[in-house]
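The report below covers aromatic pairs, nonpolar cores, helix packing, the chain interface and backbone angles. The model is a predicted one.

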Amino acid sequence: MNSTAFQVIKHNRLSIIERWQEEMSNFQEGERELTHVTREVFLNANTEFIDKLMAQVTNDHETISPELKDFFERTIQIGWPLNYITQGLQTFLRVTLQVIMDQDFDKEEAFKIYDLLDRSIDGLFNEIVQYTTHTWKNTISVQKMALLELSAPLIPVFEHITVMPLIGTIDTERAKWIMENLLEGAIKHRSQVVLIDITGVPIVDTMVAHHIIQAAEAVRLIGAKCILVGIRPEIAQTIVNLGIDLSEFPTRSNLLKGIEAALELTNKKIETLS
Amino acid sequence: MRIPILKLHEYLLISIQMELDDMTALQFQEDLLNKIHDTGARGVVIDLTSVDMVDSFIAKVLGDVVKMSNLMGAKVVMTGIQPPVAITLIDLGIVMRDVPTALDLEQGLDKLQQELEV
């Protein structure tokens, strides 16, 4: 930053900080994430924020200082909203602009100073956006992995009979995963009958039905039979109303009926001992 | 290169262990039908355990072989279709609905026996 701008900010340091504090002190109201934060903690954070920001700007570093970065990361990690930081930076920019305008600079000079300031704040914006998107991406990928692990378990219940309970919405990606798991598992357990339980699938539309039919066809190709179980009344209604043809493979209302059918198919029977 | 066809009592066993190209598939179709004619076999098991790629033409030929064999009085069961193959076939829209399938050779023979008994 050129020396004039530097001088102006340094000179008006106190008034900038004061005005900034004033504007930011209202921020806490109306932010849901900040309602449980005490006033004192919030004001302390504000002070820390403006001190570090001021140090960053007046020190004229190209890159973000470790202290400021550390402050940003901490704020995000404890769950404060991202716009606390963006608001803080914008307020700083606005306040400083006011201070610059109050000085007797000609237009060109004032613009030059403002431009320099704007650029240096821009760098901070980039830094924080990058950091938060990175954190979010990480979180999402971790959650995705966790979801996949829970996604399509295959449970052998009797010799040659396997159950795959499905819970939650099925999208294309998950359907692919389900099909792969289903086929690999059916071969691994040497299943003759595979029961797909859709009790936990909230909505069965044409796409979901299509995926299930495809899975059932694939299971037939590798040499096992597929029974669709857990068809709730509302699901039966949607299936018929949408004109989906499930007549190609057997369906049952619940897992119990499905297992009975599967036992029959594999020439097995459960008997009560007298 | 021809695909070997083995005779076991009244069944014919075929294990396809090579890359199936169009020529080989057609040759196989002819060989199998001749063999059925020669031996009077009542059942055929085609094992695809070591096949990892089936295109639409091969799928059609295999489906045809099944129908032709049925015409000649021999029941056919396909066994050991691998998951990737099954997924490819489904993606291509080939369901081979009339072809009986089984998990492996053992279950395939059981299935044949059941169907022939009826």
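## Aromatic pairs

A:W80 and A:Y84 are both buried, where buried stands for under 20% relative accessible area, exposed for over 50% and partly exposed for what lies in between (1.4 Å probe, protein chains only). This is a predicted model, in which local features need pLDDT of at least 70 and side-chain atom pairs count only at pLDDT 80 or more, while totals for chains, interfaces and linings use all residues. Residues are numbered from 1 along each chain as its sequence is written, chains are lettered from A and ligands numbered from 1 in the order in which they are written, and side-chain values use heavy atoms, with hydrogens and water left out.

Rings of Phe, Tyr and Trp (its six-membered ring) are paired if their centres lie within 6.5 Å; planes under 30 degrees apart are stacked, over 60 edge-to-face, and the rest tilted. By this rule there are 8 aromatic pairs over all chains. One of them is the tilted pair of A:F49 and A:Y84, with 5.7 Å centre to centre and 55° between the planes. This pair links distant parts of the chain: A:F49 belongs to helix α3 (residues 39-59) of chain A and A:Y84 to helix α5 (residues 82-102) of chain A, 35 residues apart. Helices (H or I, at least four residues) and strands (E, at least two) are DSSP runs, numbered from the N terminus. A:Y84 has 0% relative accessibility and therefore counts as buried. The rings of A:W80 and A:Y84 have their centres 5.2 Å apart and their planes at 75°, so this pair is edge-to-face. A single aromatic cluster is formed by A:W20, A:F42, A:F49, A:F71, A:F72, A:W80 and A:Y84.

A nonpolar core is a set of buried Ala, Val, Leu, Ile, Met, Phe, Trp, Tyr and Cys residues joined through side-chain atoms within 4.5 Å. The largest has 71 residues, of which A:I198, B:I14, B:L32, B:V44 and B:I46 touch the most other members. Helix α8 (residues 206-221) of chain A gives this core its largest share, 8 residues. Apart from this core lies another, of 38 residues, including A:F71, A:L93, A:V95 and A:I128.

Contact is taken as heavy atoms within 4.5 Å. With neighbours within four places in sequence left aside, B:I46 is in contact with B:I14, B:I16, B:F28, B:V65, B:V76, B:V77, B:M78 and B:T79.

Helix α4 (residues 66-77) of chain A and α5(A) have axes that come within 8 Å and cross at roughly 145°; axes are lines fitted to C-alpha atoms, for helices over the stretch in contact, and angles run from 0 to 180 degrees between N-to-C directions. On the α4(A) side A:F71, A:F72, A:T75 and A:I76 meet A:L82, A:Y84, A:I85 and A:L89 of α5(A).

In helix α10 (residues 255-265) of chain A, the buried residues are A:G258, A:I259, A:A261, A:A262 and A:L263. They pack against β1 (155-158), β2 (161-167), β3 (193-200) and β4 (225-229) of chain A.

## Interface of chains A and B

Between chain A and chain B, 19 residues of chain A are in contact with 20 residues of chain B. The two chains bury about 1700 Å² between them, 56% of it on carbon and sulfur atoms; buried area is the accessible area (1.4 Å probe) that two parts lose on being put together, summed over both. In chain A, the most area is lost to chain B by A:R190, A:R220 and A:L221, together 37% of what that side buries.

B:Q107 lies in helix α4 (residues 105-117) of chain B. Leaving aside neighbours within four places in sequence, B:Q107 is in contact with A:H160, A:R190, A:Q192 and B:A102.

## Backbone angles and accessibility

Most residues other than glycine have a negative phi. B:H9, not a glycine, has a positive phi of about 50° and lies in the loop between β1 (6-8) and β2 (11-15) of chain B. B:M96, also not a glycine, has a positive phi of about 45° and lies in the loop between α3 (83-91) and β5 (101-102) of chain B. In chain A, α10(A) is followed by A:N267, whose phi is positive, near 60°.

| Residue | Relative accessible area | Class |
|---|---|---|
| A:I9 | 2% | buried |
| B:Q107 | 9% | buried |
| B:M96 | 12% | buried |
| B:H9 | 66% | exposed |

A:I9 lies in helix α1 (residues 3-11) of chain A. A:I9 and A:I161 are 152 residues apart in sequence and 76 Å apart in space, C-alpha to C-alpha.
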